[in-house]
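Student: Hi, I have a model open here and would like to talk it through with you. Can we go over the side chains and then the sheet?
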Amino acid sequence: MKNFNLIHEKINRISQSRGIRKILFVCLGNLCRSPMAEYLLREKLKRKGETDIEISSGGFLDQKGAHVPEEIYNLMKEVGIDISKHRSSPIDKERIMESDLIIVMEIRQEDQLVRLCPEEASRIFLLSQFDKENPIIRDVADPIGRSSSFYRNCYFEINALVEGLTEHIFKTH
């Protein structure tokens with residue numbers, strides 16, 4: 001719980017200094033993890049009446065316009081979220097700089113973004129840091145090319161982590 005509280009303090013400082021109006025999720029290809037996180041957070045915030053925060057996602061690979069894999073589409077459809085309109089998009093320095101929170105899936109992605117935009121390092125987080133039970137620094141594994149059960153487990157992990165992020169957001173508003 002100590003780490004969860006430290007993350008909350010950091011989020012609170014960001015909220016007080018610039019507000020939280022734009023959240024960017026980042027993964028490798030912007031096909032599985034970051035779109036799931038984007039759509040899950042948008043839905044969770046909408047259910048709580050928060051519609052003023054812009055949520056987007058992007059990837060390190062330039063696969064601009066690619067659709068999510070069928071496994072992701074079906075998982076999200078099962079929980080009532082239509083992700084069919086998502087198209088992958090690459091991240092760039094401008095998207096990072098204009099975002100208030102930048103949330104990545106892997107440690108190496110955090111390192112890459114800090115090298116790209118060192119002045120934004122204080123606003124870059126690993127999604128795993130929002131785990132209410134065990135907020136430690138760890139990767140959220142990429143399900144691409146894995147079994148359907150791996151995709152499902154990835155969905156459940158991301159959903160739980162996004163729930164922790166949602167809690168942080170509402171504590172600062």
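Student: Let's start with K44. What joins the side chains of K44 and E163?

Tutor: A polar contact of 3.2 Å joins them. Keep in mind as we go that this is a predicted model.

Student: Noted. Where does K44 sit, and what does K44 touch besides its sequence neighbours?

Tutor: K44 is part of helix α2, which covers residues 33-47. Leaving out residues up to four places away in sequence, K44 touches N159, V162, E163 and T166.

Student: Is K44 buried or exposed?

Tutor: Buried: the relative accessible area of K44 is 13%. The cut-off for buried is under 20%, so K44 at 13% falls in that class.

Student: OK, on to salt bridges. How many does a search of the whole structure find?

Tutor: The search finds 14 salt bridges. One of them is between the side chains of R33 and D142, at 3.5 Å from N to O. R33 lies in helix α2 and D142 in the loop between β4 and α6, so this pair ties together parts that are 109 residues apart in sequence.

Student: How accessible is R33?

Tutor: R33 has a relative accessible area of 0%, so it counts as buried.

Student: Which residue does E38 meet in a salt bridge?

Tutor: That would be R42, with 2.7 Å from N to O between the side chains. Both E38 and R42 are in helix α2, four residues apart, which is about one turn of the helix.

Student: And how do E38 and R42 compare with the accessibility classes?

Tutor: E38 is buried, with a relative accessible area of 7%, whereas R42 is partly exposed at 32%.

Student: What about E157, which residue does its side chain meet in a salt bridge?

Tutor: The side chain of E157 meets that of R138, at 3.8 Å from N to O. E157 is in helix α6 and R138 in the loop between β4 and α6, so the pair links parts that are 19 residues apart in sequence. E157 counts as partly exposed at 24% relative accessibility, and R138 is partly exposed too, at 23%.

Student: How many bridges pair β1 and β2?

Tutor: Six, in the parallel sense, with β1 spanning residues 22-27. As an example to look up, I23 has I55 in β2 as its bridge partner.

Student: Now some loops. What is the phi of N30?

Tutor: Phi of N30 is near 60°, a positive value in a residue other than glycine. Most residues other than glycine have a negative phi. N30 is in the loop between β1 and α2, and at 0% relative accessibility N30 counts as buried.

Student: Which residues does R87 touch, not counting those up to four places away in sequence?

Tutor: N30 again, along with G65, A66 and H67. R87 itself is in the loop between α3 (70-78) and α4 (93-98), and R87 is partly exposed, with a relative accessible area of 36%.

Student: What does the side chain of R87 reach at 2.7 Å?

Tutor: The backbone oxygen of S84. As a distance to check, the C-alpha atoms of R87 and S57 are separated by 9.7 Å, and these residues are 30 apart along the chain.

Student: Last one: where does D131 lie, and is D131 buried or exposed?

Tutor: D131 lies in the loop between β4 (124-126) and α6 (148-172), and D131 counts as buried at 15% relative accessibility. A polar atom of the D131 side chain lies 3.0 Å from the backbone nitrogen of N134.

Student: Great, thanks!

Technical notes:
Residues numbered from 1 in each chain as written. Predicted model: local features only at pLDDT ≥ 70, side-chain atom pairs only at ≥ 80, totals over all residues. Heavy atoms only, no water. Helix = DSSP H or I, 4+ residues; strand = E, 2+ residues; numbered from the N terminus. Buried < 20%, exposed > 50% of the residue type's maximum accessible area, 1.4 Å probe, protein only. Contact = heavy atoms within 4.5 Å. Polar contact = N/O pair within 3.5 Å; in protein donor to acceptor, adjacent residues only side chain to side chain. Salt bridge = Lys/Arg side-chain N within 4 Å of Asp/Glu carboxyl O. Pairing = 2+ DSSP bridges.
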